[in-house]
Amino acid sequence: MEGIDVALTVGIHDIALATGHYALSLEDLAERHGVDPGKYTVGLGQTTQTVPATDEDIVTMAAAAAKQIIAEHDAGDIRTVLLATETGIDQSKAAAVYVQDLLGLSSSTRAVELKQACYGGTSALQFAAGLVHRDPEQRVLVLASDIATYDVDSAGEATQGAAAVAMLVSADPAVAVLEPTSGLYTANVQDFWRPNYRSTPMVDGKLSVSLYLEAAEQAWKDYEARGGRAIEDFAAFCYHQPFTKMAYKAHARLLEIHGIDAQMARLDADLAHTTSYNRLIGNSYTASLYVALLSLLDHAEDLSGRSVGMLSYGSGCVAEFFGLSMVPGYRQRLRTSSNQDAIARRESISYERYRAIRDFELPEDGSSTVLEVDGAGGFRLRAVTEHSRMYEACHPIQA
Ligand code: COA
């Protein structure tokens, strides 16, 4: 490959988390739905779900996550901002442009939005690696930001949530090297999609579970066929987690196709640390896999020199299996207390308050609204006027 240094290591140099302002208990939602709370807390593996404040959206969460990274690195090296989401605020303009502005990044930057359901964050990571391979002096800011919302009283409502993960992708990374082998799988299926005129997705939940399992298997087989690592080489596995039990189902499938007994002790050993944050945040679509990675890194023993298996799934559907090799000393780069605080400081709300927040609507007729301060995430949606969103930085980010 003339012109490309294949020995160059590229990967995640820094990584940070943000989530929304409120938290709804799944026990309260179960009561409203008239089901045993165990269905949600055990059956789905979810305890609470993040509910964004009325002045929070994918832009404010992405900016709040990215701000932590910008504060510690030379932002002048960032030439590209890639924002992956499936809950975009505009059909045309990239949310990354608002974030570039809020962060005060150079105008000599390309800012783009990417979409393929929950897989989009992984596509951004892979495309970022390609850009850095082309010019190792440059860094790419990858943002995965989503608010998962389903119809009220639907089965999916228990799997809602919201979060953003920001990653700085660079040469010679300090946290994790993106290993070169990827296993890929794409199939044109209708398990989850959201037509332009709908605010909530169309979803066949049972079909999406079975297609996820099939896609995980096929992506793994492609990974194996391309000379990837053996399954026993991985110290842990991160899966896209629409709900944390899904990681257990997918990993059991991967173990079974290798003839490995998928007993709970083995599944827990491979997965338990990856589910702590998603269990509390809920589904964050594009961010979910990287929330799982943060949960693993913040809770596991030192994984320096070890590989972590990553399985990304986006309905519709695209899946990818790849490895991350943890860089010795990566733990010094983690923001464990800040990540835990972002989740712990959410304000618990009643079901009634959740419904009131959910029922809040921004004007769609071009009239102006100035929003009351509601969240406290560092950035906020200040107003909507003539169909345009106006954002502002409002609070110092809590470290
Ligand atoms: N205590 C413990 N577990 C219980 C229970 C109880 N009282 N009641 C039910 N459960 C278990 C069920 O056995 C099931 O577990 P299993 O799948 O391991 O058998 C689990 O809780 C969920 O129950 P189920 O009846 O399948 O739930 P549902 O049909 O109401 O909804 C989804 C589940 C995933 C289909 C739904 O949440 C959904 O549509 N989510 C959105 C789409 C999604 O997340 N897709 C995932 C792939 S991307």
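Select helix α4 (residues 95-102) to begin: six of its eight residues are buried, where buried means under 20% relative accessible area, exposed over 50% and partly exposed in between, with a 1.4 Å probe and protein chains only. The buried residues are A95, A96, Y98, V99, Q100 and L102. The model is predicted, with local features requiring pLDDT of at least 70 and side-chain atom pairs counted only at pLDDT 80 or more, while totals for chains, interfaces and linings use all residues. Residues are numbered from 1 along each chain as its sequence is written, and side-chain values use heavy atoms, with hydrogens and water left out.

Element names follow DSSP runs numbered from the N terminus: helices are H or I runs of at least four residues, and strands are E runs of at least two. Contact means heavy atoms within 4.5 Å.

**Stop 1: the surroundings of α4**

The buried residues of α4 pack against α3 (58-70), β4 (78-84), β5 (110-114), β6 (139-148), β16 (379-385) and β17 (388-393).

Next, show α3 together with α4. Their axes come within 9 Å and cross at roughly 45°; axes are lines fitted to C-alpha atoms, for helices over the stretch in contact, and angles run from 0 to 180 degrees between N-to-C directions. That angle makes α3 oblique to α4, given that angles under 35 degrees count as roughly parallel, over 145 as roughly antiparallel, 65 to 115 as roughly perpendicular and the rest as oblique. The crossing of α3 and α4 is right-handed: a crossing is right-handed if the near helix is turned clockwise from the far one by less than a right angle, and left-handed if anticlockwise.

Which residues of α3 and α4 meet? From α3 they are I58, V59, A62 and A63, and from α4 they are A95, Y98, V99 and L102. By class, this contact of α3 with α4 has eight nonpolar, no polar and no charged residues. Here Ala, Val, Leu, Ile, Met, Phe, Trp, Tyr, Cys and Pro count as nonpolar, Asp, Glu, Lys and Arg as charged, and the others, Gly among them, as polar. An α-helix has 3.6 residues a turn, so residues three or four places apart point the same way.

**Stop 2: α6 and α7**

Select α6 (residues 205-225) and α7 (residues 244-256), whose axes come within 9 Å and cross at roughly 45°. The two helices, α6 and α7, are therefore oblique to each other, and α6 passes α7 in a right-handed crossing. On α6, show V209, Y212, L213, E214, A216, E217 and W220; on α7, show M246, K249, A250, R253 and L254, which complete the contact. The residues of this contact of α6 with α7 divide into eight nonpolar, no polar and four charged.

**Stop 3: the nine-stranded sheet**

Display the open sheet of nine strands in the order β5-β4-β6-β7-β1-β8-β13-β12-β11, which has mixed pairing; two strands pair if DSSP finds at least two bridges between them. Its edge strands are β5 and β11 (234-239), each pairing on one side only. Neighbouring strands of this sheet are turned by 25° against each other on average, direction ignored.

Centre on β1 (residues 10-19), which is joined by nine bridges to the antiparallel strand β7 (residues 161-171). What stands opposite G11 in β7? It is S170. In β8, V177 stands opposite G11; β1 and β8 (residues 176-186) pair in the antiparallel sense over two bridges. From β8, move on to β13 (residues 318-326), where the antiparallel pairing runs over eight bridges and E320 is the bridge partner of L184.

**Stop 4**

Select the open sheet of three strands, ordered β3-β2-β14 with mixed pairing. Four bridges join β2 (residues 22-25) to β3, and these strands run antiparallel; L24 stands opposite Q49 in β3.

Finish at R358, found in α12. Is R358 buried or partly exposed? R358 is partly exposed, with a relative accessible area of 23%. Beyond its neighbours within four places in sequence, R358 is in contact with T149, Y150, D151, V152, E157, Q160 and T200. Select T54 as well: R358 and T54 are 304 residues apart in sequence and 8.3 Å apart in space, C-alpha to C-alpha.
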